[in-house]
Amino acid sequence: MGFALSIVVSIAIFAILAVSFDLVLGYAGLFSVAHAAFFAIGAYTTALIALHTGAPILLAAAGAVLACAISSALLAVLVIRVSQDYLVIASFGFLTLVLAALANLPDLTGGTLGIGGIPPPSLFGWTVSGLLSYAIVFSLIAAVVVAVTWWLAHSPYGRALRAIRDNVVGAEALGKNPTFFRVTAFVIAGALAGIAGAMYATYISYISPDAFSNDVNILIFAMVVIGGAGTVVGPLVGAILLVSLPAVLSLLPLAPTLVGPVGQIIYGALLVAFAMSNADGLLGIFHSSDRWLRAQFKRTLTELERQ
Amino acid sequence: MSSALLQVRQLSKSFGGVLAVSDVSFDVPVGRATSLIGPNGAGKTTIFNLITGALQADSGTVAMNGRNISGLRPSEVAKVGISRTFQDLRLFLHMTVADNVLSSFQGQDGERPWAVLLRPRRVFRQEKAFRSRALEIVKRVGLIGRANELVGNLSYAEQKLVVIARSIAMEAPLWLLDEPTSGLDTPAVIQMLKQIRSLVSEGQTVLIVEHNLRVVRDISDWILFMSDGRLRAQGTPDDILSSPELRQLYLGASTTHG
């Protein structure tokens, strides 16, 4: 039971990460690969504000969301003008920079040792404790974030993002300012990743740079691609699938040391299969509108593997 | 002659020493169809790019309704009320016909993410109204059966009608149409002409770059003739198209340049 609940908690956190990343990757069509950086910034900012100022955890989380929005805007302004290939590299550089800063600023971040003793989330005097409470509260938060993202993606705002993705010059001729839409997509996605970071920090109570490696980055990317980019629901499905995969494997008669590697192989194979085949992610098999993304995925994957 | 909607004054642009547009001045009268013609390489599309801000002029000004719009970005020029179409269409191929048209409406509160989040009901109501207007426009250009088809799956002739539908939805006082009939077979040209003619008869101001001289004669109230980056002549279709000198310049140059 406890194991299942911890899976639910992870799914809630990764659902937020995958769905928010879909705004940038699927809707804006921008191949930024720095989403784990905002997850990390959100977690660390929450921890630092809570521990150093003793502020209520909700306030610390709000600060984390703000920090993520600002750093995301910064990344956007820096990288938005470069072409897709360079965007992959520039955003990956940003992620590397953030991860390096976490590991190498011991006075601020605790360095490789990380930060412990982060207080649990509490609301109006009620403190979340016990896996069941976490699972319920985090699922509710994730549901709200997914719903908000879905509404944004299916609004005229999401339509303008897709229009700019499909043809920038054509969209400009209709009065859309590409910079406005791209920067806001980055900021919204970054802020939502900050929520996931705050949730993670308060749940696990101890954070270190290990938790925000490039593996996590690629995992988020894989959830979006495998689930179906540009669909919101697809990345949600991707998050559920890829988080539960190791759990399902652990139920099989496999040596415990093999569970991790086999899981990695399966999701790696799925990622390559979806990026290279004709399918637009799991959801795309059923209803698809974004064949454009496929060619891009292939390119981005090659870039990522080169890093 | 009626008053000018667009005023182009002494516009010049060179690319690496080659004068693409040289000291060009003209007016686009309101409520009329004006054609910009000339051999390949005359600078017609460059004029469009200078008006819409896709290119910045070396010198000269463009004014819309008396307001100087030189130096504005393409998205700002669009908001001033100039709709521009492209030879390579620049449609949103992975979006439906309806979504392409919906993208073209101006003043959509729902394009601001905070409005989507803070005023969802207002955005929803507005979207509903835009949706029914979009379908009317799709119907008007004869694509109602294709409204929910991805634009990438349409024929070229149908895609060109989506371009017109998009311009209608923009409700811009001025249209710049870049070769609306190029690449179309005769029935499609006739259909396109019907669309443009009906819009002009409703008072839409258009400036058209067009190679098909029969089309030009058919729809133009006024013709601007360019060659080698200069405005050589302007006048009524009868004046321009019957001038042996200009005919020679047009045909002579177009045979030279293919």
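Reader: In which elements of chain B is confidence lowest and highest?

Author: In this predicted model, confidence in chain B is lowest in helix α10 (residues 244–256) of chain B, with a mean of 71, and highest in strand β6 (residues 82–84) of chain B, at 97. On a scale of confidence that runs from 0 to 100, the whole of chain B averages a pLDDT of 92, and 97% of its residues reach 70 or more. Over residues 254–258 of chain B, however, the pLDDT stays under 50, and for this stretch the model has five contacts beyond four places in sequence.

Reader: What are the corresponding values for chain A, and where is its confidence lowest?

Author: Chain A has a mean pLDDT of 88, and 90% of its residues score at least 70. Its confidence is lowest in helix α14 (residues 292–306) of chain A, at a mean of 55, and highest in helix α9 (residues 178–204) of chain A, at 97. Residues 286–292 of chain A have a pLDDT below 50, and this stretch makes 13 contacts in the model beyond near neighbours in sequence. For the model, the scores are ipTM 0.92 and pTM 0.90.

Reader: What makes the size of chain A agree with that of a compact globule?

Author: The comparison rests on the radius of gyration: a compact globule of 307 residues would have a value near 19 Å, and chain A has 19 Å, so the two agree. Along its principal axes, the C-alpha trace of chain A spans about 50 × 45 × 35 Å. Chain A contains 14 helices and two strands, and 53% of its 307 residues count as buried. Among the contacts in chain A with a separation of 6 or more, 76% are between residues 24 or more positions apart.

Reader: Why is helix α7 (residues 156–166) of chain A called largely enclosed?

Author: A residue counts as buried if 20 or more other C-beta atoms lie within 10 Å of its own. Eleven of the eleven residues of α7(A) are buried, and therefore the helix is described as largely enclosed by the rest of the structure. Among these buried residues are Y157(A), R159(A), R162(A), R165(A) and D166(A).

Reader: How do you know how far helix α1 of chain B is enclosed, and what does this helix pack on?

Author: Nine of the nine residues of α1(B) are buried, so this helix too is largely enclosed by the rest of the structure. The buried residues include K44(B), I47(B), F48(B) and L50(B). Helix α1 (residues 44–52) of chain B packs on a sheet, where it touches β1, β2 and β4 of chain B, and its direction makes about 70° with that of β2(B). After α1(B) comes G53(B), which has a positive phi near 85°.

Reader: What makes β2 and β5 of chain B edge strands?

Author: The open sheet consists of four strands in the order β2-β1-β4-β5 (chain B), with antiparallel pairing. Strands β2 (18–29) and β5 (67–68) of chain B each pair on one side only, and they are the edge strands. Within the sheet, β1 (residues 4–15) and β4 (residues 59–64) of chain B are joined in the antiparallel sense over five bridges, and Q7(B) stands opposite A63(B) in β4(B).

Reader: Why is strand β3 of chain B called largely enclosed, and which strands does it pair with?

Author: Five of the five residues of β3 (residues 33–37) of chain B are buried, so the strand is largely enclosed by the rest of the structure. A33(B), S35(B) and I37(B) point one way from β3(B), T34(B) and L36(B) point the other way, and all are buried. Two strands count as paired if there are at least two bridges between them. β3(B) has four bridges, in the parallel sense, to strand β8 (residues 205–209) of chain B, and T34(B) stands opposite L207(B) there. Four bridges also join β3(B) to strand β9 (residues 222–227) of chain B, again running parallel, and in β9(B) the bridge partner of S35(B) is I223(B).

Reader: How many residues does each chain bring to the contact between them, and which helix of chain B gives the most?

Author: Chain B contributes 30 residues and chain A contributes 26 residues. On the side of chain B that touches chain A, helices α2 (74–80), α3 (97–102), α4 (113–118), α5 (120–140) and α6 (156–170) of chain B each supply at least two residues. α2(B) gives the most, with four residues. By kind, the residues of this side of chain B divide into 14 nonpolar, eight polar and eight charged.

Conventions
Residues numbered from 1 in each chain as written. Chains lettered and ligands numbered in written order. Predicted model: local features only at pLDDT ≥ 70, side-chain atom pairs only at ≥ 80, totals over all residues. pLDDT = per-residue confidence, 0-100. Contact = placed C-beta atoms within 7 Å. Axes fitted to C-alpha atoms, helices over the stretch in contact; angles between N-to-C directions. Rg over C-alpha atoms; globule rule 2.2 N^0.38 Å. Buried ≥ 20, exposed ≤ 12 C-beta atoms within 10 Å, placed from the backbone. Nonpolar A, V, L, I, M, F, W, Y, C, P; charged D, E, K, R; others polar.
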